[in-house]
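Subject: Structure handover

Hello,

Here is the structure I promised to pass on. Please look it over first, then read my notes below.

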Amino acid sequence: KRAGVEDCHPHRFRCTLACTMLERGASLFDVAALLGDSQAVVEKFYAATTDKQQERVRNILEATVQIQEGVVA
C-alpha cells in the first residue's frame, strides 16, 4: 500500500514467478515442484495464461497438421 501498488498480494507474486518461468522455458515439472503444486494445476492456472506458451502450442499443432496433410516433408 505504501508503494502505491494496487491489488498487491502474495499470490500475485507467485503467479508472476510461475508465468515468467514458463515463458522462459521451464518445464511444468520444475514449476510445479517449486510451487508445491501438481503439474496439472500449473498447466491449468499458469501455463494457459502465458502468451508465449499458447503461441508455442499453436505452432506445434499447426506443424503437426501440416505434416499430417503432407505439406511439410
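Which residue with a positive phi follows α1? That residue is Gly-25, with a phi near 100°.

First, the ground rules. This is a predicted model, so local features need pLDDT of at least 70 and side-chain atom pairs count only at pLDDT 80 or more, while totals for chains, interfaces and linings use all residues. Residues are numbered from 1 along each chain as its sequence is written, and side-chain values use heavy atoms, with hydrogens and water left out. Helices here are DSSP runs (H or I, at least four residues), numbered from the N terminus.

**α1**

Ala-18, Cys-19 and Leu-22 are buried in α1 (buried is under 20% relative accessible area, exposed over 50%, partly exposed in between, with a 1.4 Å probe and protein chains only). Down the axis, the buried residues of α1 fall within an arc of 95°, so they line one face of the helix. The arc is taken from the directions from the helix axis to the C-beta atoms. Pro-10 and Phe-13 are exposed on the other side of α1.

**α2**

Buried residues in α2 are Val-31, Ala-32 and Leu-35. Seen down the axis, the buried residues of α2 fall within an arc of 100°, so they line one face too. The face turned away carries exposed Phe-29, Ala-33 and Leu-34. The cover over the buried residues of α2 includes α1 and α3 (39-45).

**The core**

The largest nonpolar core has nine residues, including Val-42, Tyr-46 and Ala-47. Such a core is a set of buried Ala, Val, Leu, Ile, Met, Phe, Trp, Tyr and Cys residues joined through side-chain atoms within 4.5 Å. α1 (10-23) and α2 (28-35) are the elements that give two or more residues to this core. Val-42 has contacts (heavy atoms within 4.5 Å) that include Leu-22, Leu-35 and Asp-37, leaving aside residues up to four places away in sequence.

**Cysteines**

There are zero disulfides (pairs of cysteine sulfur atoms within 2.5 Å). Cys-15 is partly exposed at 27% relative accessible area, whereas Cys-19 counts as buried at 12%.

Best wishes
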